Amino acid sequence: MTIVNAVVQGIFLGAFYAVLACGLSIMFGVMRIINLAHGDVAVLGAYVVFVIVDSTGMSPFVAFVVALPVMIVLGYVLQLTILERSLKSGILTPLLATFGLSIVIQNLLLIKFSPDVRSLGGNAGAVTTSSWQVTSGLSVSALGLVILVVAVLLFGALQLFLSRTPAGWKMRATAEDADAAELVGINSRDVYARATALAVAIAALGGLFLAIRSVFDPLSGPTQLIFAFEAVVIGGMGSLWGTLLGGLALGVAQTVGAQINPEYSVLTGHLLFLAVLIVRYGGVRVSLRTAR
Amino acid sequence: MTLVRVEELDCRYGLLQAVRGVSFEVALGETVALIGANGAGKSTLLRTIAGAHKPHSGRVLFDGTDVTSMPAHRRVSLGIALVPEGRRLFPSLTVEENLRAAAARKGRWNVQSVLEVFPVLQPRRHMAAATLSGGEQQAVAIGRALMCNPRLLLLDEVSLGLAPIVVEAVYRSLAGIISEGTTVLLVEQDLARALKVAGRVICMLEGRIVLEGEAASLDRDRVVEAYFGLKRPA
């Protein structure tokens, strides 16, 4: 029964990772940008929600809806000002640019909010503490369930957007061949900026869940980035449903590892990631060979 | 009436000069063929008119408007559509999604009317473009450009890599499109075909126009001379 519980808790944890990874996957899928500031953008989103909650006393879930337009505009502007320029000068420049952005966001947050650790768990009401005891060895938390449902709805909605709407076709067309897309009347700059806006908004959702289910501080971003990145790679770069499954697999690996020994939690996640790299890409061996 | 006018156009790729001081006009309703050997600058010229390549100097005027610095997608909304060399379809999108993604201007062409002109696509409409044969892909590429309801249709080597019987079918469909009054500027390697389909022929050599005239009035030997640069004009 303990293993069943570990898997169930892993699915809840994995749904959280999938939400974090979703924006990363979109930006890689559409623009081939690996956004190293993605975790920090999520944490920035958490702080925006925190400021709204702190000054108005509203529920973090309502505050997130208020914060959403801010994050969307931020994403759009981020693309047009920094990422678009970096994309023009090769594949390495966006990596460097987002790495720099990561440092800037962390330090701005440090200046404004100090290194204090914060949480929105207390402001979210009963959802953080409620749970159902299914059997003696298995309990389901309300928050875990909320995150799982939101994650599935989110990926489902994105799937519908990309496969059923003209804006979705245009985004996929631009992702596959931006120059050809321009030639059939698609404004590729605008599509890219929309994709980044979408990614930043979803990152903020990940930040909200982070803030409610545990704690955050200005330097929490890179850890979130690693889990998000692993979820994307496990699921297959550029595949949306793969990212959801990758997140779930990572979550389950971590909780099952923790069941064996609590120290193994993060390690088993990394091992799964490495195993996927080796099996799918023959990755580690090849990269060592070419590095020499 | 002049639909497109190119003035003293210079196009470069780094140090390589692909188009050198080219000027010409295409009138409304005309079909003009650009011919010339590989590397003569034909594709670059088409791409520059469509906005996919920024010229070094010179101007492109479309319907009296200077579009030289206008991004490609805005030229499409004015009515310029290019069927690029190598087709450049969106491989994972279905045939219908490829067409619908391109609906930039309203007009005579829609998914239904494109499928009527290319009936071979009807059974393929929900299949990914990557799974289609070369001829079918070319039909999608032309159909996708038509979805933009262009006033000027630019065709870059639509017969490249296709079996002769498929080329025949593609040109039969094109003849229908041309007869409806769409202005067409096309690049074609096959001299005989170019002279047959076009009202006027422009021959390029090493980035310059070396011969220009009515297709009916040009004799084949002069065209061949200009094509290969056997007798350089002074």
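Which residues lie nearest the centre of the second largest pocket? In this predicted model, they are G29(A), L162(A), R172(A), A175(A) and G238(A), which belong to a lining of 17 residues.

**Pockets**

The second largest pocket holds about 430 Å³ of space, and the elements that give two or more residues to its lining are α1, α5 (142-164) and α6 (166-176) of chain A. By class, the residues of this lining divide into eight nonpolar, six polar and three charged.

The largest pocket, for its part, contains about 630 Å³ of space and has a lining of 20 residues, among which K88(A), D179(A), E182(A), S188(A) and R189(A) lie nearest the centre. Two or more residues of that lining come from each of α1 (2-31), α3 (60-87), α7 (178-183) and α8 (188-213) of chain A. Its residues fall into nine nonpolar, three polar and eight charged.

| Pocket | Volume | Lining |
|---|---|---|
| Largest pocket | About 630 Å³ | 20 residues |
| Second largest pocket | About 430 Å³ | 17 residues |

**Cysteines**

How many disulfides does a search of the whole structure find over all chains? The search finds zero. C11(B) takes part in no disulfide, and the nearest cysteine sulfur to its own, that of C203(B), is 18 Å away.

**The loop residue E30(B)**

Turning to chain B, E30(B) is placed in the loop between β2 (16-27) and β3 (31-36) of that chain. When residues up to four places away in sequence are not counted, E30(B) touches E25(B), T182(B), T183(B), V184(B) and R200(B). A polar atom of the side chain of E30(B) also lies 2.7 Å from the backbone nitrogen of A27(B). Along the chain, E30(B) and S57(B) are 27 residues apart, and their C-alpha atoms are separated by 26 Å.

Conventions. Residues numbered from 1 in each chain as written. Chains lettered and ligands numbered in written order. Predicted model: local features only at pLDDT ≥ 70, side-chain atom pairs only at ≥ 80, totals over all residues. Heavy atoms only, no water. Disulfide = S-S within 2.5 Å. 1 Å grid on protein atoms, 1.4 Å probe; cavity = no way out; pocket = protein on both sides within 12 Å on 5 of 7 lines; lining within 4 Å. Points joined across faces, edges and corners; volume = space filled by probe spheres on them. Helix = DSSP H or I, 4+ residues; strand = E, 2+ residues; numbered from the N terminus. Nonpolar A, V, L, I, M, F, W, Y, C, P; charged D, E, K, R; others polar. Contact = heavy atoms within 4.5 Å. Polar contact = N/O pair within 3.5 Å; in protein donor to acceptor, adjacent residues only side chain to side chain.
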